[in-house]
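The sequence and model come first.

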Amino acid sequence: MKIKQGDYVLLYLDKRRKYLVKVVPGKEFHTHKGILRLDDVEGKEYGDIVKTHLGVSFRILKPLLLDYVKKFKRGTQVIYPKDAALMIVMAGIGPGSRVVEAGTGTGVLTALLAHFVKPHGLVYSYDISKKNLENAKRNLKAVGLDRWVVLKLGDVTEEIEEKNVDAVFLDLPSPWLAVENSYRALRHGGIFVSFSPTINQVEKTVEALKSQDFIDYDAVEVILRRYKVERGSTRPETFMIGHTGYIVFARKP
Ligand SMILES: C[S@@+](CC[C@H](N)C(=O)[O-])C[C@H]1O[C@@H](n2cnc3c(N)ncnc32)[C@H](O)[C@@H]1O
């Protein structure tokens, strides 16, 4: 498939130097390895090479959703891919799923959910902050996923309007206060998922789940360790992201 004007490409030099760029006619992209003319990218195929005026080669890659999401304008803390991946799989999210989410925040989890529920599903995403909703709206539009998201200004500890949804995802400071409304919103067999940075939030959430007759609850933490792979001396990277948060799952019977 040939690259055309308006397409996004990921210009890859090496693992640490990859740039998400929109192909705009007449524009140049300046790197410390020289200048790339975007006119030279147009008409090429993903996987081809483009050279800077200094002769340095960049590989033209098709961006992944994560490449776009990393560029979202941030208004809040966001969910990391390692956590989002498990949350989405454990909740059984797929094409056609109807999901309630709160809070929207920057819209990172919203975008990932929208990507998995399309083309027939929908994400109802609540936030109490108008400013965060507006920012998330721009981010979702930029990646073309806004069609599968209904952004809602509202407090889920007060009300969740939707009923019979397949899953409720919470990433907010007091998820235990939204457990009762989540129960009402879920269909039978629906999944509750909550992400919290501290363990006392987990305790409070699980206590609320127990008193609300949820079953099959689980609390987990995803620890991701990267490796430096070199023949004869492969070992874990020295630095890692030590903590993001805990994930609580439960099922409505
Ligand atoms: C950490 S951010 C969510 C980040 C989001 N998961 C992401 O990946 O971009 C928490 C958001 O929850 C919102 N929030 C806090 N309490 C809420 C409530 N009771 N109902 C709805 N949204 C709430 C905040 O305004 C904030 O935008």
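**Ligand shell and backbone**

Q: How many residues surround the ligand, and which are the closest?
A: This is a predicted model, where local features need pLDDT of at least 70 and side-chain atom pairs count only at pLDDT 80 or more, while totals for chains, interfaces and linings use all residues. Residues are numbered from 1 along each chain as its sequence is written, and side-chain values use heavy atoms, with hydrogens and water left out. The shell holds 23 residues, and the closest are G107, D127, N132, D155 and D171.

Q: How do the residues of the shell divide into nonpolar, polar and charged?
A: Ala, Val, Leu, Ile, Met, Phe, Trp, Tyr, Cys and Pro count as nonpolar, Asp, Glu, Lys and Arg as charged, and the others, Gly among them, as polar. On that basis the shell has nine nonpolar, 11 polar and three charged residues.

Q: Which helix and which strand each supply at least two residues of the shell around the ligand?
A: Helices (H or I, at least four residues) and strands (E, at least two) are DSSP runs, numbered from the N terminus. The two elements are α3 (108-117) and β8 (122-127).

Q: What is the distance from a nitrogen atom of the ligand to a polar backbone atom of V156?
A: A polar contact is a pair of N or O atoms within 3.5 Å. A ligand oxygen lies 3.1 Å from a polar backbone atom of T106, and a backbone N or O atom of I128 is 3.4 Å from a ligand nitrogen. For V156, the distance to a ligand nitrogen is 3.2 Å.

Q: Where is the cis peptide bond that joins a residue to P119?
A: Most peptide bonds are trans. The bond from A102 to G103 is cis, with omega near -15°, and G103 is found in the loop between β7 (98-102) and α3. P119 is in the loop between α3 and β8, and its cis bond, with omega about 10°, is to K118.

Q: Which loop holds N164?
A: Most residues other than glycine have a negative phi. N164 is not a glycine, yet its phi is positive, about 60°. Its place is the loop between β9 (149-153) and β10 (165-170).

Notes:
A residue is near a molecule or strand if one of its heavy atoms lies within 4 Å of it. A polar contact is a pair of N or O atoms within 3.5 Å; within protein, one must be able to donate a hydrogen and the other to accept it, and residues adjacent in sequence count only if both atoms are side-chain atoms.
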